[in-house]
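Please find below my notes on the model. They go from the overall fold to single residues.

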Amino acid sequence: MANVSETIVRRKLSHEVFDRLKAMITGGELAPGDAMPSERDLMDRFGVGRPAIREAMQALANIGLITITHGERARVQQLTAKSIFQQVDLTANILLSASPDSLEHLKQARRFFERGMVREASLRATPDDVVRLQETLDLQSRAVGNPESFISADMRFHTQIAAISGNPIFEAVSEAMLSWLRQYHTELLLWTGREALTLTEHALILRCIGEHQPEEAEAAMVKHLDRSSVLYAHSA
């Protein structure tokens, strides 16, 4: 039987520093909002040079554990579902821009996700939830003719539906998917009648949620998403 290699691989100093800093954060020595120790303090503590400290700090920032601001001390980040998804925004956008299939897959995932979310909202919505959705729909109505504001209100309406679940991960997933889709929203939305149709469909979804009708709400959402799916496309 062949011997299995047990070669010890020498790790970079920055990797060791990264592990120790991460342990300081996850172990509670540094809490969310705390300033990270200065580079000089860390150099003295770990007996390494400035490059290893800076590489480790950048690696921590890349995974969302700290925020680095020019001219200020880095700070420990409060991790949330939203902040975690924000860490993959750039990668997601590159993936979507590189492949039309990826955009179609995202639209399919959104359709599957929002069907469940609107059913859940129909079962759980309180009068206050319905009021908030109506306020967003009113805001969207006033934004007719203003593409950026109209689309922002559209995204807010759908994210609020996910938020009714009470699960912050669902809300973060909704916000992430919609933000990734936004750059592919074509001018088709602004053709005559498109805005009015979107508002009518949203109003029906809202009515079904307010009347606690999950099947009807799901059907209205599916019809809305299937109709609007064509509005998201790569530029020719």
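1. Of the contacts between residues at least 6 apart in sequence, 71% join residues at least 24 apart; contact here means heavy atoms within 4.5 Å. This is a predicted model, in which local features need pLDDT of at least 70 and side-chain atom pairs count only at pLDDT 80 or more, while totals for chains, interfaces and linings use all residues. Residues are numbered from 1 along each chain as its sequence is written, and side-chain values use heavy atoms, with hydrogens and water left out.

2. The protein has 11 helices and 2 strands, taken as DSSP runs numbered from the N terminus (helices H or I, at least four residues; strands E, at least two). Read from the N terminus, the order is α-α-α-β-β-α-α-α-α-α-α-α-α.

3. The radius of gyration is 23 Å, whereas a compact globule of 236 residues would have one near 18 Å. That radius is taken over C-alpha atoms, and the globule rule is 2.2 Å times the number of residues to the power 0.38. Along the principal axes, the C-alpha atoms fill a box of roughly 65 × 45 × 40 Å.

4. Buried residues account for 39% of the 236 residues (buried is under 20% relative accessible area, exposed over 50%, partly exposed in between; 1.4 Å probe, protein chains only). The accessible surface is about 13,700 Å², and 55% of that belongs to carbon and sulfur atoms; areas come from the Shrake-Rupley method with a 1.4 Å probe, and for residues only the protein chains shown count as cover.

5. The largest pocket holds about 230 Å³ of space. A pocket is an open set of points on a 1 Å grid over the protein atoms alone, with protein on both sides within 12 Å along at least five of seven lines; lining residues have an atom within 4 Å of a point. Grid points are joined across faces, edges and corners, and the volume is the space filled by probe spheres set on them.

6. Of the 14 lining residues of this pocket, Glu39, Met57, Ile68, Glu72 and Ala74 lie nearest its centre. Helix H3 (residues 50-62) gives the largest share of the lining, 3 residues.

7. His212 sits in the loop between helix H10 (194-210) and helix H11 (214-228). Its phi is positive, about 55 degrees, although His212 is not a glycine. Most residues other than glycine have a negative phi. His212 counts as partly exposed because its relative accessibility is 44%.

Notes:
1 Å grid on protein atoms, 1.4 Å probe; cavity = no way out; pocket = protein on both sides within 12 Å on 5 of 7 lines; lining within 4 Å.
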